[in-house]
Amino acid sequence: MATVAACGAPAEEAQTPDVAEATENASLFADLGGEAANPIHTAAKGDTLAVSGYDTVSYFEGDGVPVEGSEEFTVRYEGYDYRFASAENAEKFQAEPAKYAPAYGGYCAWAIGANDALAPGDPNVYEIVDGKLYLNFNESVQENWQKDIPGFIEAGDVNYPTHSADEHFTD
């Protein structure tokens, strides 16, 4: 925008909101719209990259080993960017985003279930339960979570909706 303004165009005419939005979304494979009702874990508050860039469909397909997604196959869902390793996986996510998005916005399943707290979920420490992806903080925490998965899910399902979308884990 500074370059356009420096070339003589008035700053307010340099880029309208529609043009700015189209430019921002040009790198997206798809934008499903919507806004998150509850917090989604990202590396830092204000970031939009969900699940540290891991392809959430990869947890459910093939050998079930998570792989990192590509910026080329980014799908925006509820204001957050999910990356996929292939166009096929991005399309699967588009068809059923709620199926593939991690439970509790990618926050640690044990922390939200046991302590009603937000803690980062590690995309490499996970479990799929009844067709839903759950992440945990680390392997030690996951061992605790595995002691009562149904109980922690039941509590997490009650606790997570009480957290607003603008909350973010802090140390």
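## A salt bridge to start with

Find glutamate 61 and lysine 92: their side chains meet in a salt bridge, with N and O 3.0 Å apart. Glutamate 61 sits in the loop between strand S1 (30-31) and S2, while lysine 92 belongs to helix H4, so this pair ties together parts that are 31 residues apart in sequence. Keep in mind as you look that this is a predicted model.

As a general point, side chains of opposite charge can pair when their charged atoms come close.

## The other salt bridges

How many salt bridges does a search of the whole structure find? The count is three. Another of them again involves lysine 92, this time with glutamate 88, where the closest N and O atoms are 3.6 Å apart. Lysine 92 and glutamate 88 both lie in helix H4, four residues apart, which is about one turn of the helix. Glutamate 88 is partly exposed, its relative accessible area being 49%. Through shared partners, the salt bridges join Glu61, Glu88 and Lys92 into one network.

Aspartate 81 and arginine 76 also pair through their side chains, at 2.7 Å from N to O. Are these two buried or exposed? Both aspartate 81 and arginine 76 are buried.

## The buried side of helix H4

Helix H4 spans residues 87-95, and its buried residues are Asn89, Ala90 and Phe93. They cover an arc of only 100° around the axis, which puts them on the same side of H4. What covers these buried residues? The cover includes strand S2 (70-77), strand S3 (80-84) and helix H5 (97-100).

## The whole chain

Stepping back, the chain has eight helices and five strands. Read from the N terminus, the elements run α-α-α-β-β-β-α-α-α-β-β-α-α. Of the 171 residues, 40% count as buried.

Serine 27 lies in the loop between helix H3 (17-25) and S1, and it counts as partly exposed, at 44% relative accessibility.

## The largest pocket

The largest pocket has a volume of about 240 Å³. Which residues lie nearest its centre? They are Ile40, Glu78, Pro102, Gly105 and Tyr160, out of a lining of 17 residues. H5 and strand S5 (132-136) each supply at least two residues of that lining.

By class, the lining is made up of 13 nonpolar, two polar and two charged residues.

## Two residues with positive phi

Most residues other than glycine have a negative phi. Glutamate 78, one of the residues nearest the centre of the largest pocket, has a positive phi near 55°. Glutamate 78 is in the loop between S2 and S3 and is partly exposed, with a relative accessible area of 26%.

Valine 51 also has a positive phi, of about 55°, although it is not a glycine. Valine 51 is found in the loop between S1 and S2, and is buried, with a relative accessible area of 6%.

## Around histidine 41

Histidine 41 is found in the loop between S1 and S2. Its relative accessible area is 11%, so histidine 41 is buried.

What is histidine 41 in contact with, leaving aside its neighbours within four places in sequence? The list is Leu49, Ala50, Val51, Gly105, Gly106, Tyr107, Pro120 and Gly121. Two of these names have come up already: Val51 is the valine with the positive phi, and Gly105 is one of the residues nearest the centre of the largest pocket.

Methods: Residues numbered from 1 in each chain as written. Predicted model: local features only at pLDDT ≥ 70, side-chain atom pairs only at ≥ 80, totals over all residues. Heavy atoms only, no water. Buried < 20%, exposed > 50% of the residue type's maximum accessible area, 1.4 Å probe, protein only. Arc of directions from axis to C-beta. Contact = heavy atoms within 4.5 Å. 1 Å grid on protein atoms, 1.4 Å probe; cavity = no way out; pocket = protein on both sides within 12 Å on 5 of 7 lines; lining within 4 Å. Points joined across faces, edges and corners; volume = space filled by probe spheres on them. Nonpolar A, V, L, I, M, F, W, Y, C, P; charged D, E, K, R; others polar. Salt bridge = Lys/Arg side-chain N within 4 Å of Asp/Glu carboxyl O.
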